[in-house]
Amino acid sequence: MVDLKGQYQKIKHEVDDAIQGVIDSTSFINGPKVQEFAKNLENYLDVKHVIPCANGTDALQVALMALGLKPGDEVIVPCFTYVATAEVIALLGLTPVLVDVDPDTFQIDIHQFKSAITADTKAVVPVHLFGQCSDMDAIMEIADEQGLFVIEDTAQAIGAKITMKDGVQRSAGCIGHFGTTSFFPSKNLGCYGDGGAILTNDSELAAKAKMICNHGQKKKYYHSVIGVNSRLDTLQAAILDVKLKHLDSYSDARRKVAARYDEAFKNDPRFITPKRVENSTHVFHQYTLKLNGVDRDAVKAYLAENGVPSMVYYPVPLNEQEAFKTVGNFPVTVDLCKQVLSLPICTELSEENQNTVIQTILKFIK
Ligand SMILES: *Cc1c(COP(=O)(O)O)cnc(C)c1O
């Protein structure tokens with residue numbers, strides 16, 4: 001699905017130098033590279049505060065903790081997402097309230113979001129799924145009206161840009177009260193282990209999140225709140241600082257791959273190519289087809305037999321997961337879980353390899 005080795009080969013010298021630099025400094029925890037990378041990411045995203053942490057799941061957890069939500073508070077979250085988004089809500093004793101998604105964009109359904117709001121609703125976590133932004137104009141407007149916090153799960157959309165209705169272009173993750181992201185190796189900006197970050201333009205919330213990441217202390221050995229231990233280690237920060245310089249070219253490479261898939265499948269009604277929305281760029285963390293009248297699992301098995309990887313993100317709606325069993329109707333998510341198929345997409349996918357993927361699929365359906 002991804003070619004991390006090929007990507008590394010192209011920037012090997014830069015990465016190796018950065019790693020060696022950290023080893024020479026022996027500043028493995030909270031070394032200067034951590035803050036340097038945070039500053040560079042702030043500039044890249046045009047956001048006031050980047051708080052690095054250990055992974056994207058922690059980023060969500062710390063953001064929720066920093067908002068001071070109380071057990072029983074409801075947090076609205078799309079039903080079609082990676083488990084982490086809802087997991088941290090439940091872990092903190094908050095109540096995840098699942099809502100369905102839009103069948104074309106895969107993003108949280110705005111009407112469902114609106115009708116799920118109760119007196120106990122305190123926050124919403126839109127997920128910029130697969131690399132394109134949720135409808136942030138509508139989400140912010142509803143959240144403002146209802147006094148809700150907005151945490152954007154940007155684990156799949158770092159570098160995506162959205163043009164808001166006032167005409168201003170903003171980075172995904174930098175519009176709500178918090179944004180969170182992951183630097184898991186296969187994410188669009190991936191390190192060589194685990195990593196994550198919390199994003200915010202609110203200096204007070206930033207100070208809280210920073211404190212929570214560091215055992216709830218502002219001053220060493222003085223603990224004001226219950227926190228966690230969540231850090232981005234210096235080696236990962238040094239690697240990320242190198243890769244950040246290439247992020248725009250990585251996004252371009254992904255968009256080129258996506259355009260070739262679009263071209264290959266556009267005239268066949270059995271394949272529904274990913275819809276683009278007008279006001280958001282797409283960074284294609286995943287290129288996800290919807291199969292229409294074709295047995296998705298049979299296609300996937302045939303691809304595997306022929307050595308072509310593909311993935312189903314996600315096979316089970318969150319409400320049907322044993323951990324989350326929730327009553328409710330999520331017909332769009334249920335259908336999507338049966339229809340979606342994500343194809344290989346990465347920064348180093350050659351046209352030749354991509355053609356093999358395309359030809360194998362076309363051969364199966366002939
Ligand atoms: C990857 C991912 C996460 C979690 O990130 P980790 O770094 O693996 O903890 C959260 N939300 C979404 C949508 C993701 O894709």
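In these legends, Ala, Val, Leu, Ile, Met, Phe, Trp, Tyr, Cys and Pro go down as nonpolar, Asp, Glu, Lys and Arg as charged, and the others, Gly among them, as polar. Everything shown is a predicted model, where local features need pLDDT of at least 70 and side-chain atom pairs count only at pLDDT 80 or more, while totals for chains, interfaces and linings use all residues. Residue numbers start from 1 along each chain as its sequence is written, and side-chain values use heavy atoms, with hydrogens and water left out.

Domain 1 brings 44 residues to the contact and domain 2 brings 34 residues, with contact meaning heavy atoms within 4.5 Å.

**View B. The largest cavity, between the domains.**
Here a cavity is a set of points on a 1 Å grid over the protein atoms alone where a 1.4 Å probe fits but cannot get out, and lining residues have an atom within 4 Å of a point. Grid points are joined across faces, edges and corners, and a volume is the space filled by probe spheres set on the points. Searching the whole structure turns up two cavities of 30 Å³ or more. The largest cavity holds about 80 Å³ of space. It has 13 lining residues, and the closest to its centre are Leu4, Gln7, Lys187, Arg254 and Thr347. Helix H1 (4–25) and helix H9 (247–265) each put at least two residues into this lining; helices here are DSSP runs of H or I with at least four residues, strands are runs of E with at least two, and both are numbered from the N terminus. By class, the lining of the largest cavity splits into five nonpolar, four polar and four charged residues. Domain 1 and domain 2 both give residues to this lining, so the largest cavity lies between them.

**View C. The second largest cavity.**
This cavity has a volume of about 50 Å³. Its lining includes Thr105, Phe106, Gln107, Leu129, Phe130 and Gln132, along with Pro274, Lys275, His282, Gln286 and Thr288. Sorted by class, that lining has four nonpolar, six polar and one charged residues.

**View D. The largest pocket, with lining from both domains.**
A pocket, unlike a cavity, is an open set of points, with protein on both sides within 12 Å along at least five of seven lines. The largest pocket has a volume of about 630 Å³. Of its 32 lining residues, Tyr82, Gln156, Phe184, Lys187 and Tyr314 are the closest to its centre. Helix H3 (56–66) and helix H4 (84–91) each supply at least two residues, and H3 has the largest share, three residues. The lining of the largest pocket is made up of 16 nonpolar, twelve polar and four charged residues. Domain 1 and domain 2 each provide at least three residues of this lining.

**View E. A cis peptide bond at Tyr314.**
Tyr313 and Tyr314 are joined by a cis peptide bond, with omega at about 10°. Tyr314 belongs to the loop between helix H10 (296–305) and helix H11 (331–339).

**View F. The second largest pocket.**
About 420 Å³ of space lies in this pocket. Its lining counts 22 residues, with Asn30, Gln35, Ile51, Pro52 and Lys210 nearest the centre. Helix H2 (32–45), strand S1 (49–53), helix H7 (203–213) and strand S10 (217–219) each supply at least two residues, and H7 gives the most, with five residues. The classes here come to nine nonpolar, seven polar and six charged.

**View G. A seven-stranded open sheet.**
The strands run in the order S1-S9-S8-S5-S4-S2-S3, with mixed pairing; two strands pair if DSSP finds at least two bridges between them. S1 and strand S3 (95–99) are the edge strands, each with a single partner, so one side of each has no neighbour in the sheet. From one strand to the next, the twist averages 25°. Axes are lines fitted to C-alpha atoms, for helices over the stretch in contact, and angles run from 0 to 180 degrees between N-to-C directions.

Strand S5 (149–153) and strand S8 (178–182) pair in the parallel sense over three bridges, and Asp153 stands opposite Thr180 of S8. H2 lies across S1 and strand S9 (196–200), at about 135° to S1. H7 also packs on the sheet, touching S1, S8 and S9, and its direction makes about 15° with that of S1.

**View I. A positive phi at Thr26.**
Thr26 is a residue other than glycine with a positive phi, near 50°. Look for Thr26 in the loop between H1 and H2. Most residues other than glycine have a negative phi.

Conventions. Domains from an automatic or database assignment.
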